[in-house]
Amino acid sequence: MTPEFIIIHPQARPYIAHVQLNRPKELNALNLQLMQELRDALKALDEDEAVRVIVLSGNDKAFAAGADIKQMAGRTAMDMYNIDQFSTWDAIKKIKKPVIAAVSGFALGGGCELAMLCDMIVAGETARFGQPEIKIGVMPGAGGTQRLTRAVGKALAMEMVLTGKFITAEQALQVGLINRVVPVELYLEEAFRLAADIAQLSPLAVKMAKESVLRAFDSTLEEGLHFERKNFYLLFASDDQKEGMQAFMEKRTPVFTGK
Ligand code: CAA
């Protein structure tokens, strides 16, 4: 079925897929259907051998202004428990290929959390990041208190979560929340450029490297180092390792096949 709230370009660039959130009138508010469509699209692209990197964007005005408040407003705690809206987020967390968020405009609440769920963030200079849930009587529920704190540290995370204040793209860059800021007309192109840098590398090594970096967030140093070493050794079972090292010695550009 064609999705209603997202647009999928499986080959936006060679080896690069682009998924665009597309509920512009609601500033891409993340309702349940949108998140299910996004989960399904990302899972399919993760399994597609012609795709090595995924770029996720909204539009110039909003990456996403959060979970859909109108959809949630009347729910009870038991509704929330039964609907289990964050199960789609858990599935997205398991995507193995790199996902780059290309953010312009609002990335608020669940929108900021979705950007943080991605592996890197490229922003246009008008982007605004925030966790304003506190202003509507709740708090972040899709990782905001955890991923934001790990990214920017306690002081700023506490201030953003407790006041709901937004930060600019430039501030987000300074505190290490995002990777780069570019003029607004270039944010998507810049995300594709970053994706292209990665797409020319060994897709196996990229996936295992992503997995290992993420492991740093929920393991002790010792466990993380053990995990890293296992993946490092495992890559010696790949053709890409042979090709990469051989090409280095022959002073030529490697051709990676993902085998
Ligand atoms: N849910 C549902 N609808 C939303 C929405 C959201 N999160 N954000 C914006 N919209 C809707 C507005 O209701 C409005 O719809 P109508 O035209 O039908 O009234 C439309 O999008 C345009 O929004 P505004 O007129 O408000 O646009 P603005 O430019 O004046 O303000 C804004 C933009 C500052 C982003 C403002 O819309 C806003 O504050 N939005 C809510 C942000 C928020 O609180 N996000 C957190 C949600 S909770 C959450 O995300 C929980 C979690 O952890 C997962």
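## Backbone contacts to the ligand

At Gly 141, a backbone N or O atom sits 2.9 Å from one of the ligand's oxygen atoms. Taken alone the ligand exposes 980 Å², and the protein buries 65% of that; these accessible areas come from the Shrake-Rupley method with a 1.4 Å probe, and for residues only the protein chains shown count as cover. Ile 69 also brings in its backbone, with an N or O atom 2.9 Å from a nitrogen atom of the ligand. For Lys 25, the backbone N or O atom lies 3.4 Å from a ligand oxygen.

A quick word on the model: it is predicted, so local features need pLDDT of at least 70 and side-chain atom pairs count only at pLDDT 80 or more, while totals for chains, interfaces and linings use all residues. Numbering runs from 1 along each chain as its sequence is written, and side-chain values use heavy atoms, with hydrogens and water left out.

## The shell around the ligand

There are 24 residues around the ligand, and Ala 67, Ile 69, Gly 110, Glu 113 and Glu 133 come nearest (a residue is near if one of its heavy atoms lies within 4 Å). By type, the shell splits into 13 nonpolar, four polar and seven charged residues, with Gly counted among the polar ones.

Which elements each supply at least two residues of the shell? They are α2 (69–72), β6 (106–108) and α5 (110–117), and α2 gives the most, with three residues. Helices here are DSSP runs of H or I with at least four residues, strands are E runs with at least two, and both are numbered from the N terminus.

## Helix α6 and its buried side

Helix α6 covers residues 144–152, and its Gly 144, Leu 148 and Val 152 are buried (under 20% relative accessible area, 1.4 Å probe, protein chains only). They sit on the same side of α6 because they cover an arc of only 20° around the axis, taken from the directions from the helix axis to the C-beta atoms. The cover over these buried residues includes α5 and α7 (154–163). Just after α6, Gly 153 takes a positive phi of about 90°.

## Gln 131 in its loop

Gln 131 belongs to the loop between β8 (128–130) and α6. Is Gln 131 buried or exposed? Gln 131 is buried, with a relative accessible area of 0%. Leaving out residues up to four places away in sequence, Gln 131 touches several others, including Cys 112, Glu 113, Gly 144 and Leu 148 (contact means heavy atoms within 4.5 Å).

The side chains of Gln 131 and Glu 133 are joined by a polar contact of 3.1 Å. That term means a pair of N or O atoms within 3.5 Å; within protein, one must be able to donate a hydrogen and the other to accept it, and residues adjacent in sequence count only if both atoms are side-chain atoms.

Terms used: Buried means under 20% relative accessible area, exposed over 50%, partly exposed in between (1.4 Å probe, protein chains only).
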